[in-house]
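Please look over the structure below. This report goes with it.

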Amino acid sequence: MLFKSITHQGVEYKYVVHVPRDYDAAKKWPTIVFLHGAGECGTDGSKQVVQGLGAAVLMKPADWPFIVLLPQKPDVKKQWEDYDAPVMAMLDSAKQEYSVDASRIYLTGLSQGGHGTWTLAGNHPDVWAAIAPICGYVNFKRDGGVDRDAAAAIADKVKGLPIWTFHGEADDAVKPEQTRAVVDELTKLKADVKSSFYPGVNHNSWDKAYREEKLGAWFLSHTKK
């Protein structure tokens with residue numbers, strides 16, 4: 001894990017880059033951008049590694065033969081779309097520093113980062129080869145309600161991408177209906193989408209997604225045309 005920072009419009013943003021031990025610049029490498037949840041927000045530049053994808057990669061690196069970018073969102077009260085430009089600047093920097101395969105760049109995230117996966121995918125659908133939003137929401141409402149118009153708008157933006165969504169059926173922080181709403185809209189559009197809903201699982205559906213599913217292999221089965 002390499003600890004880095006980038007300055008965008010006069011503000012410093014910290015992030016981490018995971019480079020596989022067998023990295024060889026002579027070949028092109030698939031790359032994942034991971035967006036963390038509320039608990040990992042801050043400016044320390046490292047908390048985002050311990051929860052979700054970073055932990056899964058460290059536990060079983062053979063399943064994740066990727067360069068992995070792990071940005072840190074400074075302010076828990078803001079959404080990932082508020083940091084769209086710095087995140088994309090980090091990806092651009094990685095493309096210059098490492099041998100990134102531009103046809104195999106993937107996006108995933110959990111909770112706030114699941115929402116960020118939907119929104120950043122919608123903002124840059126031409127960048128990603130596939131996306132995996134985990135326990136994300138479309139437009140968070142404290143009463144757990146779903147903004148159907150927002151779900152339809154997101155679906156329309158990402159309909160051309162292969163998508164694998166995950167959510168716990170017992171999630172009381174972000175209701176599974178948030179994911180179902182977007183999946184329903186994507187299904188209407190005949191998009192390439194599949195879902196894994198886990199019975200009895202609360203908000204932490206990411207450990208099952210990143211550690212028990214073959215998500216890395218699924219990512220690798222998709223190449224940007």
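## Model

This is a predicted model. Every value here is computed.

Is strand β6 enclosed or open? Five of the five residues of β6 (residues 130-134) are buried, so the strand is largely enclosed by the rest of the structure. Both of its faces are covered. Ala130, Ala132 and Ile134 are buried on one side. Ile131 and Pro133 are buried on the other.

β6 pairs with strand β5 (residues 100-110). The two run parallel and are joined by five bridges. Leu110 stands opposite Ile134 of β6. Helix α3 (residues 112-123) belongs to this part of the fold too: β5, α3 and β6 make a right-handed β-α-β unit.

β6 also pairs with strand β7 (residues 163-168). This pairing is parallel as well, and it runs over two bridges. Here Ile131 stands opposite Ile163 of β7.

## Salt bridges

How many salt bridges does a search of the whole structure find? The count is nine. Three of them are described here.

The side chains of Lys4 and Glu97 meet at 3.0 Å, N to O. Lys4 has 21% relative accessibility, so it counts as partly exposed. Glu97, at 45%, also counts as partly exposed.

Asp207 and Arg211 form another salt bridge, at 3.6 Å, N to O. Both lie in helix α6 (residues 206-211). They are four residues apart, about one turn of the helix. Asp207 is partly exposed at 22% relative accessibility. Arg211 is partly exposed at 38%.

Lys47 pairs with Asp44. Their closest N and O atoms are 3.9 Å apart. Lys47 has 35% relative accessibility and counts as partly exposed. Asp44 has a relative accessible area of 38%, so it is partly exposed too.

## Cavity and pocket

Rolling a probe the size of a water molecule over the atoms shows where empty space is left. The count comes to one cavity of 30 Å³ or more. The largest cavity has a volume of about 30 Å³. Its lining is made up of Tyr13, Pro71, Gln72, Lys73, Pro74, Trp80, Tyr83, Pro86, Val87 and Met90. Which element gives the largest share of that lining? Helix α2 (residues 84-97) does, with three residues. By class, the cavity lining has eight nonpolar residues, one polar and one charged.

The largest pocket has a volume of about 210 Å³. Met1, His18, Val19, Pro20, Arg21, Asp22, Val57, Leu58, Pro61, Trp64 and Pro65 line it. Eight residues of the pocket lining are nonpolar, one is polar and two are charged.

Most residues other than glycine have a negative phi. Which residues depart from that pattern here?

Gln9 lies in the loop between β1 and β2 (11-18). Is Gln9 buried or exposed? The cut-off for exposed is over 50% relative accessible area. Gln9 is at 73% relative accessibility, so it counts as exposed.

Cys135 lies in the loop between β6 and α4 (148-158). Buried means under 20% relative accessible area. Cys135 is at 0% relative accessibility, so it counts as buried.

Key. Residues are numbered from 1 along each chain as its sequence is written. This is a predicted model: local features need pLDDT of at least 70, side-chain atom pairs count only at pLDDT 80 or more; totals for chains, interfaces and linings use all residues. Side-chain values use heavy atoms; hydrogens and water are left out. Buried means under 20% relative accessible area, exposed over 50%, partly exposed in between (1.4 Å probe, protein chains only). Two strands pair if DSSP finds at least two bridges between them. A crossover is right-handed if, with the strands pointing away from the viewer, the path from the first strand over the helix to the second runs clockwise. On a 1 Å grid over the protein atoms alone, a cavity is a set of points where a 1.4 Å probe fits but cannot get out, and a pocket is an open set with protein on both sides within 12 Å along at least five of seven lines; lining residues have an atom within 4 Å of a point. Grid points are joined across faces, edges and corners, and a volume is the space filled by probe spheres set on the points. Ala, Val, Leu, Ile, Met, Phe, Trp, Tyr, Cys and Pro count as nonpolar, Asp, Glu, Lys and Arg as charged, and the others, Gly among them, as polar. A salt bridge is a side-chain nitrogen of Lys or Arg within 4 Å of a carboxyl oxygen of Asp or Glu.
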